[in-house]
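Welcome! Please take a look at the structure below, and then let us walk through some of its parts together.

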Amino acid sequence: MSDDYLVRIGKLIRDARQHRGWTQSQLAEALATSQSAVNRIERGNQNISLEMIARIGEALDSEIVSLGYAGPMHLRVVGGRRLSGSIDVKTSKNACVALLCGSLLNKGRTVLRRVARIEEVYRLLEVLNSIGVRTRWINDGTDLEIVPPARLDMAAIDADAARRTRSIIMFLGPLLHRMDQFKLPYAGGCDLGTRTIEPHMIALRRFGLEIAATEGLYHARIDHSVTPDRPIVLTERGDTVTENALLAAARHDGTTVIRNASSNYMVQDLCFFLEALGVRVDGVGTTTLTVHGVPHIDVDVDYSPSEDPVEAMSLLAAAVVTESELTIRRVPIEFLEIELAVLEEMGVDCDRTTEYPADNGRTRLVDLTVRPSKLEAPIDKIHPMPFPGLNIDNVPFFAAIAASAQGKTLIHDWVYDNRAIYLTDLNRLGGRLQLLDPHRVLVEGPTRWRAAEMMCPPALRPAVVVLLAMMAAEGTSVLRNVYVINRGYEELAERLNSVGAQIEIFRDI
């Protein structure tokens, strides 16, 4: 390997390590090597094998070098261009991963329509395939067919794929009805600080699940004699916690009441899917769900998940930040009403069509047209709340929007430990964001965006926010290592190009 390549690889590794917030010593410990060896690698002064590059990439959850398959690694963005035309919102990432986990409840054939073809889905499919589930893309790759085996082979689970997705935690609910014990790798995903699984355990212990966590694995044992004898009260109104409780209750032979449940979009889609499986769920859209379980589910089911409100917010933010007129079609309006109310108070010029149903027959959609607007900072701070409040995943987009507005905006991202910190990456592009503490950022606008080359933040939504700012900045920017964006968005660069952006996908090596 040439000295030039060694230096370039070393720089990629250093940037990935720093974005992860690790020291050289921490990376060395993860690799079972010395800090001095890591230092030499990062300076390009040590030969490095492909195996070591792969190990470093796994440790940092970062695509350092990719070989043997096609896929984007970096984005080159020519900014300052106006968007125009119309763009459709894809199906919900978070609903699709919940439905993939939910397919484990069914002994029959499950078909999911228009599944998002994203890295998070691919990782779950790799896990499902490894334990014996047959999956295939049908109808020209649009829909997904899932056929489970008579018995799951949990000993053969693809641990690497499982560790790259936090969604693996939602295997607990359906699996506790299928076996007496099993092992699952620790959940991964975005780097958003410490998130325990204790809220999941408080709910699932009521179904007899006990877990010991050792050596990177959850060791699960189930006492099938234990069943809920009173309502389950969730200790946090989390989406995945609610979904796990729903998945456990679906095959419990009896009625389960879940209180303090999330009523967010992906939870509602899972409830609609369970109803298609023959499980009655009362209270959909409220914080109290009553599940009438069915102990044996063996049906051929065909279900269409609804559109993604967070992707809709991403596209809306793209139009606002680039001062464009853009129509965003198939927007799930009931999950964006608070965001739109805030944006309208800031001065965003936006029209919507009359409502029409999504393919699931339940979710309400509209088409939104956004026009160039003169924005003012909101009087109140921007902060998330459980649905029907402002969506937690939509908060980062307000950083870019607030940077385009006149005045100062306080963003309070109280849910995650690290995410607000990543928003300050916008300063590299000309933003004026002041980090007040790990959860609060003060944004001053308007911003004269400027081009820059930088690493992608290791969290999905802040990474997209950086991309949107690059689209608004005059000149050519480079966003390196965009695997995290591909975890949650299908062909985002290509789709933005279709409405006037200029984003090139490329690789260094």
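Let us begin with a pair of strands: Thr327 stands opposite Thr369 in E17. This is a predicted model, in which local features need pLDDT of at least 70 and side-chain atom pairs count only at pLDDT 80 or more, while totals for chains, interfaces and linings use all residues. Residues are numbered from 1 along each chain as its sequence is written, and side-chain values use heavy atoms, leaving out hydrogens and water.

Helices (H or I, at least four residues) and strands (E, at least two) are DSSP runs, numbered from the N terminus.

| Strand joined to E14 | Bridges | Direction |
|---|---|---|
| E2 (residues 86–88) | three | parallel |
| E17 (residues 364–371) | five | antiparallel |

Within E14, Ile328 is the bridge partner of Ile87. Five of the seven residues of E14 (residues 326–332) are buried, where buried means under 20% relative accessible area with a 1.4 Å probe, protein chains only.

Next comes helix H5 (residues 93–102): ten of its ten residues are buried, so the helix is largely enclosed by the rest of the structure. Among them are Lys93, Asn94 and Cys101.

Key. Buried means under 20% relative accessible area, exposed over 50%, partly exposed in between (1.4 Å probe, protein chains only). Two strands pair if DSSP finds at least two bridges between them.
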